[in-house]
Amino acid sequence: MDEVNDILCVGIDLGTSRSSISASNGERHVIDSYAGWPVDAVARKLVKKPVLVGREALDNRSMLDLRRPLEQGLIKEGSEKDEQAVQEILRHLMSLTGIKQKGKTRPKVRAVVGVPAGALRVSRQRLRGIMDGIADSLMLVSEPFAVAYGLDALLHALIIDIGAGTADLCVMQGRYPTEDDQHTLPYAGDWIEEQLAKLVRERHPDARFSVHMVREWKEQWSFVGEPTERVRVTMPIGGKWTELDITDEMRTACESILPPICETMADLITRVPPEYQDRVRNNVILAGGSSPISGLSAALDRALAELGGGRTSLVPDPVFAGSDGGLQLARDASTGDWEKLAA
Ligand SMILES: Nc1ncnc2c1ncn2[C@@H]1O[C@H](COP(=O)(O)OP(=O)(O)OP(=O)(O)O)[C@@H](O)[C@H]1O
Ligand SMILES: [Mg+2]
């Protein structure tokens, strides 16, 4: 379908911390989900742009009204600025595909946008409004479903997508997942960071550190289960940079997401007809940016053992699994599957 020159199909994974796009012209990009506007005339003179998006926005944050507009997969309530920020992020992703965004030669854009299952219920209307002007036809799907589609894991599979704002679980039974087949939990990367910051602050009340430092520690050292090495980081305490061992805090923070995820996994598996449960347990697929947490898939395997045994595997490319799946879906969709926008 996208062989026709004037149609561009895209899959977009709109994430709390990162958003990615895969386009039928071969372009694939990922950006940090931030947008920011210069705060005053000095900032405007320095940044030389009306709005900054992605890493550029993050790196210039002291000069910007910086927004990370999604929280637990939803656009923050009641804020027009956050809605604009989502639009800037989506526009920027589209511009990275290199297609003309205005004028007669602009191709028709068919976009599949993956969002957390919970967001579909709450934000469908707002997302539609935001995509108006960016795409001509739209399909909003749940994030784990897009991942499943891209992997061709459509039957007897359980996708667990652990991102920043949410962990999304979806059981695939050979049909479009219903609300009962999927569940969104607010326990993912952001939650781990909050727990880690709280635990470190409790033990070292005078230590100074930012959310960005906590994220870096987590991305480098996150683990569950027995530690294989000590986690040592440095931060200023009373003005002096000091090395601290935060192994126990890291473990507790990372393990805090396990009980709700394991419980939801068990719950979704229990709803599958008994004759198929064994196949689903042996086809649990871990996706999302938080999936590389060391020891995570072994911990899920242990939880599956209690249900009768099973196996977890990691998606090969967690950054683009959602957008690639969205693109595949966009290519396969027939005319009736699309919502027309006024673009
Ligand atoms: N090596 C790593 N170990 C642990 N966590 C990591 C690692 N690399 C990235 N992360 C975390 O993965 C999360 C981002 O994952 P992802 O891009 O899937 O999220 P998202 O799609 O933006 O969020 P959501 O799906 O919740 O809206 C962040 O919390 C980030 O800190
Ligand atoms: Mg995501």
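Analyst: In this predicted model, five strands make up an open sheet of mixed pairing, in the order β13-β12-β11-β16-β17. Strands (E, at least two residues) and helices (H or I, at least four residues) are DSSP runs numbered from the N terminus, and two strands pair if DSSP finds at least two bridges between them. The edges are held by β13 (182–185) and β17 (312–314); each has a single partner strand, so one side of each lacks a neighbour in the sheet. On average, and with direction ignored, neighbouring strands of this sheet are turned by 20° against each other. Within the sheet, β11 (residues 155–162) and β12 (residues 167–173) run antiparallel and are joined by seven bridges. Leu155 faces Gln173 of β12 in this arrangement.

Before the view widens, a word on conventions is needed. Residues are numbered from 1 along each chain as its sequence is written, while chains are lettered from A and ligands numbered from 1 in the order in which they are written. Because the model is predicted, local features need pLDDT of at least 70 and side-chain atom pairs count only at pLDDT 80 or more, whereas totals for chains, interfaces and linings use all residues.

Helix α4 (residues 117–131) lies across β12 and β13 and runs at about 85° to β13. Such angles run from 0 to 180 degrees between N-to-C directions, and the axes are lines fitted to C-alpha atoms, for helices over the stretch in contact. Two residues are in contact if their C-beta atoms, placed from the backbone, lie within 7 Å. Helix α4 also lies across β9 and β10 (137–142), at about 160° to β10.

Strands β9 and β10 belong to another open sheet, in which six strands follow the order β3-β2-β1-β9-β10-β18 with mixed pairing. Its edge strands are β3 (28–32) and β18 (339–340); each has a single partner strand, so one side of each is left without a neighbour in the sheet. Strand β1 (residues 7–13) pairs with β9 (residues 108–115) in the parallel sense over seven bridges, and Cys9 stands opposite Arg110 of β9.

Helix α5 (residues 143–151) lies across β1, β9 and β10, running at about 100° to β10. The axis of α5 comes within 7 Å of that of α12 (residues 321–332), and the two cross at roughly 70°. This makes α5 roughly perpendicular to α12; angles of 65 to 115 degrees count as roughly perpendicular, under 35 as roughly parallel, over 145 as roughly antiparallel and the rest as oblique. Among the residues that meet are Ala146 and Tyr149 in α5 and Gly325 and Leu329 in α12. The contact of α5 with α12 has six nonpolar, five polar and two charged residues. Here Ala, Val, Leu, Ile, Met, Phe, Trp, Tyr, Cys and Pro count as nonpolar, Asp, Glu, Lys and Arg as charged, and the others, Gly among them, as polar.

A further helix pair is formed by α6 (residues 189–203) and α7 (residues 211–221), whose axes come within 10 Å and cross at roughly 105°. Helices α6 and α7 are therefore roughly perpendicular to each other. Ile192, Glu193, Leu196 and Ala197 of α6 make the contact with Val211, Val214, Arg215 and Lys218 of α7. By class, these residues are five nonpolar, no polar and three charged.

Helix α7 also gives the most to the shell around ligand 1, namely three residues. That shell divides into five nonpolar, 13 polar and five charged residues.
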